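Hi,

Here's the structure I promised to pass on. Have a look at it first, and then read my notes below.

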Amino acid sequence: MNWFMTVLRKYAVFEGRARRREYWFFVLFYILISVVLSMVDRVLGLYNEAYGMGALGGLFCLAVLIPSIAVGVRRLHDTGRTGWWLLIGFIPLIGAIVLIVFLFAATPLYHNLFLFRGKERDPHLYLTLVNITLVAGLL
């Protein structure tokens, strides 16, 4: 539950990175809470068949909409991609598959070697280190 609360504390933070663990634990707790709220909606008679959700579930989805987008953008940053790749999910089937592959992807090696977690990177140092890595790979 700590991972879920961490994402909620970073409510609208679209900068930085989110490790796989942070993202996927958020998704797990999001699903668990949604299922529980769906059951409560059914018991209380608040479930609407036409919409496929109840009042409590709908309010919960609206409450965590921005944090969900923010953690997705931070997860894509951790994989070395821009947050705009999140929009690929709007392409039916193929977009969702590509997005899931991106979200499951490991952090690139150069991120682990040269970027310090929780600190902003120096673009000049970053480019220098990446160039050194590329030259070293050619030798």
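Let's start at G45, which sits just after helix α2 and takes a positive phi of about 80 degrees. Keep in mind that this is a predicted model.

Helix α2 itself covers residues 20-44. It has 25 residues and reaches 36 Å from first C-alpha to last, close to the 36 Å expected at 1.5 Å a residue. Its buried residues are E22, Y23, F26, F29, L37 and D41, and what covers them includes α1, β1, β2, α3, α4 and α5.

There's also a nonpolar surface patch of about 790 Å², made by I31, V35, V36, M39, V40, V43, L44, L46 and L56. Helix α2 gives the largest share of that patch, 7 residues. L56 comes from helix α3 (residues 55-63) and counts as partly exposed, at 31% relative accessibility.

Now the rings: the structure holds 8 aromatic pairs. One of them, W24 with F104, is stacked, at 4.4 Å centre to centre with 20 degrees between the planes. This pair links distant parts of the chain, since W24 is in α2 and F104 in α5, 80 residues apart. W24 is partly exposed at 25%, and F104 is partly exposed at 47%. F26 and Y30 make a tilted pair, because their planes are at 35 degrees, with centres 6.2 Å apart. Both lie in α2, 4 residues apart, about one turn of the helix. F26 is buried at 3% relative accessibility, whereas Y30 is partly exposed at 22%. Ring pairs also link these two with F4 and F60 into a cluster.

Cheers

Terms used. Residues are numbered from 1 along each chain as its sequence is written. This is a predicted model: local features need pLDDT of at least 70, side-chain atom pairs count only at pLDDT 80 or more; totals for chains, interfaces and linings use all residues. Side-chain values use heavy atoms; hydrogens and water are left out. Patches are made of residues with over 30% relative accessible area and no salt bridge: like charges are joined within 9 Å, nonpolar side chains (Val, Leu, Ile, Met, Phe, Trp, Tyr) within 5 Å. Accessible areas come from the Shrake-Rupley method with a 1.4 Å probe; for residues, only the protein chains shown count as cover. A salt bridge is a side-chain nitrogen of Lys or Arg within 4 Å of a carboxyl oxygen of Asp or Glu. Helices (H or I, at least four residues) and strands (E, at least two) are DSSP runs, numbered from the N terminus. Buried means under 20% relative accessible area, exposed over 50%, partly exposed in between (1.4 Å probe, protein chains only). The expected span of a helix is 1.5 Å times one less than its number of residues. Contact means heavy atoms within 4.5 Å. Rings of Phe, Tyr and Trp (its six-membered ring) pair if their centres lie within 6.5 Å; planes under 30 degrees apart count as stacked, over 60 as edge-to-face and the rest as tilted.
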